[in-house]
Amino acid sequence: MKKIMTSILCATALMSAQVQAEIAVIVNPANDSSLDKGEISRIFLGKKKSFPNGTSVTPINLSEGAATRGSFDSNVLNKSSSQLKAYWSKLVFTGKGTPPKEVSSDADVVAAVKSDPSAIGYVDASAVTGDVKVVAKF
């Protein structure tokens, strides 16, 4: 019985590690900005329109339903997907904001950030390539 319980605990721990994949926030390598969690959150919530160096910023979001997006929303923005949907609906309806552009995959985020010096995005840390610069990990 003790061996079964130990096996179940080990399997649960391994599954939890896979679900909690690390998220990398990426920018174009030409971007010399450093960002903390609060600045990243304000950028993706439309409250901050430029990098600390004054360059305008274009946030790139993964499409709804992507596992990495769910983790980013809850761990970095501290909001659920339904809270974010309501947040952006209110801003769009009042004309006070536009949600970040959405792309469908980590590879699309990397490509968008690689081609635009003003872009910022997030991907699963395993999808980072040498074409982008990691500014934060969560």
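Biologist: Which elements do the buried residues of H5 pack against?

Modeller: In this predicted model, the buried residues of H5 pack against E1, E2, H3, E3 and E4.

Biologist: And which residues of H5 are buried?

Modeller: Asp106, Val109, Val110, Ala112 and Val113 are the buried ones in H5, and because they cover an arc of only 165° around the axis, they lie on the same side of H5.

Biologist: What sits on the face of H5 turned away from its buried side?

Modeller: That face of H5 carries the exposed residues Ala107 and Ser115.

Biologist: Let's move to the sheet. In what order do the strands come?

Modeller: The open sheet is formed by five strands in the order E3-E2-E4-E1-E5, and the pairing is mixed. E3 and E5 stand at the edges with a single partner strand each, so one side of each is left without a neighbour in the sheet. On average, and with direction ignored, neighbouring strands of this sheet are turned by 30° against each other.

Biologist: What about E2 and E4, parallel or antiparallel?

Modeller: E2 and E4 pair in the parallel sense over two bridges, with threonine 58 having alanine 119 as its bridge partner in E4. E2 also runs parallel to E3, to which three bridges join it, and there the bridge partner of isoleucine 60 is lysine 101 in E3.

Biologist: Is E2 mostly covered or mostly exposed?

Modeller: E2 is mostly covered, since four of its five residues are buried.

Biologist: Which strands does H2 lie across?

Modeller: H2 lies across E1, E2, E4 and E5, and runs at about 110° to E4. H3, for its part, lies across E1, E2, E3 and E4, with an angle of about 110° to E4.

Biologist: Now the inside. Which residues touch the most other members in the largest nonpolar core?

Modeller: The largest nonpolar core has 33 residues, and those touching the most other members are Val25, Ile26, Ile40, Phe44, Phe72, Val109 and Ile120. The elements that give two or more residues to this core are strand E1 (23-27), helix H2 (37-44), E2, H4, helix H5 (106-115), strand E4 (119-124) and strand E5 (133-137). The largest share, five residues, comes from E1. As a general background to this picture, nonpolar side chains in soluble globular proteins tend to be buried together.

Biologist: Change of topic: how many salt bridges does the count come to?

Modeller: The count comes to four salt bridges. One of them joins the side chains of lysine 85 and glutamate 64, at 3.2 Å from N to O, and this pair links distant parts of the chain, 21 residues apart: lysine 85 is in helix H4 (residues 81-94), while glutamate 64 is in the loop between strand E2 (58-62) and helix H3 (67-75).

Biologist: Is lysine 85 buried or partly exposed?

Modeller: Lysine 85 counts as partly exposed because its relative accessibility is 47%, and glutamate 64, also at 47% relative accessibility, counts as partly exposed too.

Biologist: What does the side chain of arginine 69 meet in a salt bridge?

Modeller: One partner of arginine 69 is aspartate 73, at 3.5 Å from N to O; being four residues apart in helix H3, the two are separated by about one helical turn. Arginine 69 counts as buried at 10% relative accessibility, and aspartate 73 counts as buried at 3%. Arginine 69 also meets glutamate 102 in a salt bridge, at 2.9 Å from N to O. Glutamate 102 lies in strand E3 (residues 101-103) and arginine 69 in helix H3, so this pair ties together parts that are 33 residues apart in sequence.

Biologist: Which residues do the shared partners join into one network?

Modeller: Salt bridges that share partners join Arg69, Asp73 and Glu102 into one network; of these, glutamate 102 is partly exposed, with a relative accessible area of 42%.

Conventions:
Residues are numbered from 1 along each chain as its sequence is written. This is a predicted model: local features need pLDDT of at least 70, side-chain atom pairs count only at pLDDT 80 or more; totals for chains, interfaces and linings use all residues. Side-chain values use heavy atoms; hydrogens and water are left out. Buried means under 20% relative accessible area, exposed over 50%, partly exposed in between (1.4 Å probe, protein chains only). A nonpolar core is a set of buried Ala, Val, Leu, Ile, Met, Phe, Trp, Tyr and Cys residues joined through side-chain atoms within 4.5 Å. Two strands pair if DSSP finds at least two bridges between them. Axes are lines fitted to C-alpha atoms, for helices over the stretch in contact, and angles run from 0 to 180 degrees between N-to-C directions. Contact means heavy atoms within 4.5 Å. The arc is that of the directions from the helix axis to the C-beta atoms.
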